[in-house]
Each structure stands twice: as structure tokens, then as C-alpha cells.
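Thanks for coming. I will go through one model today, and I would ask you to keep the sequence and the structure in view while I talk.

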Amino acid sequence: MPEMMTDLFVILIASIFINNMVLTYFLGICPFVAVSKEIPTAFGMGAAVIFVMVMTMGINWPLYHNVLVPHNVEYLQFLVFIFVIATFVQIVEMFIDRYSPVLYVSLGVFLPLITVNCAILGVSLF
């Protein structure tokens, strides 16, 4: 009987923390939820997040494998990844401000929040 209780406990913990469908599907959508009242604004935020995610992955992977690993400084990966992500978010913010001021105003403070989006850092780390 105690073995069965242990198995149930493991299943319970795994379903809450590891295989939680709600947490899995909602990873990193907080900026999107905040601006999704209008389709053009939601589309702009989605495009900005996708651009930042693709560009940072294209830089973070070779940076990690060609610079951090050969120099044995893998412990700096969080700092380097966040720096690259923040740089691309700033580039996107300047681009949107210059070429689409209406979208820039409608995104407001949520555009810089792409930097702290868990999904983008998660993609870099995985």
C-alpha cells in the first residue's frame, strides 16, 4: 500500500509542476494578453515577439557554442542571452516608433516587456 501512495504522490507532483497544461500553453503570453483587444495591435505584438525570438535564437545559439563553451564561461549564458534579447527588443521598438507610430502608441509599455518574456529566454536556453 505505501508504494501505491508514493506513485500517486509522484503523479500528483508531476501533473502540478511538470506536465501542467495551463502553464505550458500560457508560457510568455502576458504582453500579448494585455494588447489583444484589437486585431492590428495583437498582430503587431505577435510579429514583434516572433521577430525577436527568431533573431535572438539565430544569435544566441552560435554565441553559446562558439564563444561561451570554448572559453568555459557557460555560467554567463543568462547574462549574454538577456543582453541579446534586450538589444533586439530595443531595435524593434525603435523600428516600430519610426515606421508605425500608431502601433507604437497602442503597444505602449508592453513592447519593452518582450524583454522579460519567458518564452524567448526559454527558447534560447532549450
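I will start with a contact between two helices. On the α4 side, the residues involved are A48, F51, V52, M55, T56, I59, N60, L63, Y64 and L68, and they meet Q77, V80, F81, V84, I85, F88, V89, V92 and I96 of α5. Sorted by class, this contact has 16 nonpolar residues, 3 polar ones and no charged ones. Before I go on, please note that this is a predicted model.

How do α4 and α5 pack? Their angle is about 145°, and their axes lie 9 Å apart. The crossing of the two is right-handed.

Now the two helices one at a time. Helix α4 covers residues 39-68. Its end C-alpha atoms are 41 Å apart, and this agrees with the 44 Å that its 30 residues should span at 1.5 Å a residue. Helix α5 runs over residues 77-99, which is 23 residues. From first C-alpha to last, α5 reaches 33 Å, close to the expected 33 Å.

In α5 they are Q77, F81, V84, I85, F88, V89, V92, E93 and I96. If you look at the spacing in those lists, keep one general point in mind: an α-helix has 3.6 residues a turn, so residues three or four places apart point the same way.

Is V52 buried or exposed? V52 counts as buried because its relative accessibility is 0%, and the cut-off for buried is under 20%. F51 has a relative accessibility of 37%, so F51 counts as partly exposed. Leaving out residues up to four places away in sequence, F51 touches F88 and V92.

There are C-alpha distances for both. F51 and V89 are 38 residues apart along the chain, and their C-alpha atoms are separated by 9.2 Å. V52 and Q90 are also 38 residues apart in sequence, with 9.8 Å between their C-alpha atoms.

At the other end of the numbering of α4 is P40, which is placed in that helix. P40 counts as exposed because its relative accessibility is 58%. What is the C-alpha distance from P40 to L103? It is 8.0 Å, for a pair 63 residues apart in sequence.

Between the two helices there is a loop, and N72 sits in the loop between α4 and α5. N72 has a positive phi, about 55°, although it is not a glycine. With 58% relative accessibility, N72 counts as exposed.

Last, the chain as a whole. How many helices and strands does it have? There are 7 helices and 0 strands. Of the 126 residues in the chain, 26% are buried. Taking the contacts with a separation of 6 or more, 67% are between residues 24 or more positions apart.

To go back to where I began, the contact of α4 with α5 has no charged residues, and the crossing is right-handed. I will stop there and take questions.

Terms used
Residues numbered from 1 in each chain as written. Predicted model: local features only at pLDDT ≥ 70, side-chain atom pairs only at ≥ 80, totals over all residues. Heavy atoms only, no water. Helix = DSSP H or I, 4+ residues; strand = E, 2+ residues; numbered from the N terminus. Expected span 1.5 Å × (residues − 1). Buried < 20%, exposed > 50% of the residue type's maximum accessible area, 1.4 Å probe, protein only. Axes fitted to C-alpha atoms, helices over the stretch in contact; angles between N-to-C directions. Left-handed = near helix turned anticlockwise from the far one by under 90°. Contact = heavy atoms within 4.5 Å. Nonpolar A, V, L, I, M, F, W, Y, C, P; charged D, E, K, R; others polar.
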